[in-house]
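Reader: I am new to this structure. Please take me through one part of it closely, and keep it brisk.

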Amino acid sequence: MTPAGFEQASNAKILIKHASELVTCAGQAPKKGASMNDLNIIPDGALLAENGIITWAGATAELPAIDETQYTVIDAGGRCVLPGFVDSHTHFVFGGYRPEEFFWRLNGTPYLEILSRGGGILSTVQATRAAAAAELKQSAAKRLAEMLSMGVTTVEGKSGYGLDCDTELRQLSVMGELNQEQPVEIVPTFLGAHAVPPDYKGKTDEYVEYIINQVLPAVTKQGIAEFCDVFCEQGVFSIDQSRKLLQAAQNLGMKAKLHADEIVALGGAELAGELKAVSADHLLQATDAGIAALAENGVVATVLPATAFCLRESYARARTMIDSGVPVALATDFNPGSCFTQSIPMVIALAAIQLKMTAAEIVTALTCNGAAAVGRQDKIGSLERGKQADIIILDYPSHLFLVYNAGMNIVDKVIKKGQVVFSKSK
Ligand SMILES: N=CN[C@@H](CCC(=O)O)C(=O)O
Ligand SMILES: [Zn+2]
């Protein structure tokens, strides 16, 4: 496995030809309802890119006349080519680990009980506060490299393990630096309202005021987060507290996301609709009314089946969401507690088997709908003229193998902005 140097010239020209399937995912994004099955596949497809941007996509037989010696030429040799995956919900910058918690949960201690006893998220907060930026950066870089090898070309990353101004800013600036230094594009999200820190125990309203009055302004002043998120959950942040915080963030120009209806049906999906949040995530317990609110307001439902699996909870009703016209994205939720896996193959397997999504819907959910969940659908998520050349080449001829070769990583090559940044084969 050879991750090629990201520092290579980005003005390189690249030609990919003879893709058995060029899965373009072209068209309006996000896709919803039946259109989530529209992958717009070009058989025996080809693609040209220059300066990191796709200039042409079509059938190999119709390639424009070009001087191939000026291009990096990749013959896909009858394999499937598709847009890079967007992992639109992760918490990949953190200190410490919590393996013991996984087993407490398996033995019956609920996730929220561990948190209310001062463990869970709060134990990662302690470890993250104690970690220097360089240490956080080193472990995060390794996690990004693992994601890249599974075809992830863009990842959303959340703060939320500081719960104080300094550490939240440190997590976000680590993401900013990594964004410049390695190929996986990072979309930073401020999650200061991830839990109530010990010094504010029993004073959640005061903590929300602290976030609104002190931390949010510092984050926006530095311009280091695009989204603001909140863990809207029973015993964590209420609907009213979440609304107040997200409205304050929206007033400062940030876009909203919510951890919604994960453990308890609190009405987070309805709040996401009311606020016209970009995405509502988890949604294991979302009600019919909540799903209707997402559909009416075009909120992307980011479904995280690996978390439900690791928590042994019932899965989000992705089928109902799709059939109700909600644009659905899939993501890993990689974090040190509820879901310590960045495995895209696992997410795909769970989506097919447990969420009953089709292979095409899964590809849509991980590409153009994932792009919409991070507000970048105009730049990434599909292979069409004008979009960024973020591309995956599989080991096999069809996207169906992503599901069929259950739980396996079948990504052979990853191209980011027109450069080969990961290659399993020569
Ligand atoms: N549920 C809230 N936040 C994370 C878990 C964070 C943690 O347990 O460290 C999630 O999305 O699953
Ligand atoms: Zn999360």
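How far apart do the C-alpha centres of domain 1 and domain 2 lie?

Author: The C-alpha centres of domain 1 and domain 2 lie 29 Å apart. Domain 1 covers 13-83 + 382-423, and domain 2 covers 86-373. These bounds come from an automatic or database domain assignment.

First, the ground rules. This is a predicted model, where local features need pLDDT of at least 70, side-chain atom pairs count only at pLDDT 80 or more, and totals for chains, interfaces and linings use all residues. Residues are numbered from 1 along each chain as its sequence is written, while chains are lettered from A and ligands numbered from 1 in the order in which they are written.

Domain 1 puts 28 residues into the contact, and domain 2 puts in 30 residues. Two residues are in contact if their C-beta atoms, placed from the backbone, lie within 7 Å. Helices (H or I, at least four residues) and strands (E, at least two) are DSSP runs, numbered from the N terminus. E14 gives the most to this side, with 3 residues. By type, this side of domain 1 divides into 18 nonpolar, 6 polar and 4 charged residues. Here Ala, Val, Leu, Ile, Met, Phe, Trp, Tyr, Cys and Pro count as nonpolar, Asp, Glu, Lys and Arg as charged, and the others, Gly among them, as polar.

E4, E14 and E15 also belong to an open sheet of 7 strands. Its order is E3-E2-E1-E4-E13-E14-E15, with mixed pairing. Two strands pair if DSSP finds at least two bridges between them. Strand E3 (53-59) and strand E15 (419-423) stand at the edges. Each has a single partner strand, so one side of each is left without a neighbour in the sheet. On average, neighbouring strands of this sheet are turned by 35° against each other, direction ignored. For such angles, axes are lines fitted to C-alpha atoms, for helices over the stretch in contact, and angles run from 0 to 180 degrees between N-to-C directions.

Strand E2 (residues 41-50) runs antiparallel to E3, and 6 bridges join the two. Gly45 stands opposite Ala59 in E3.
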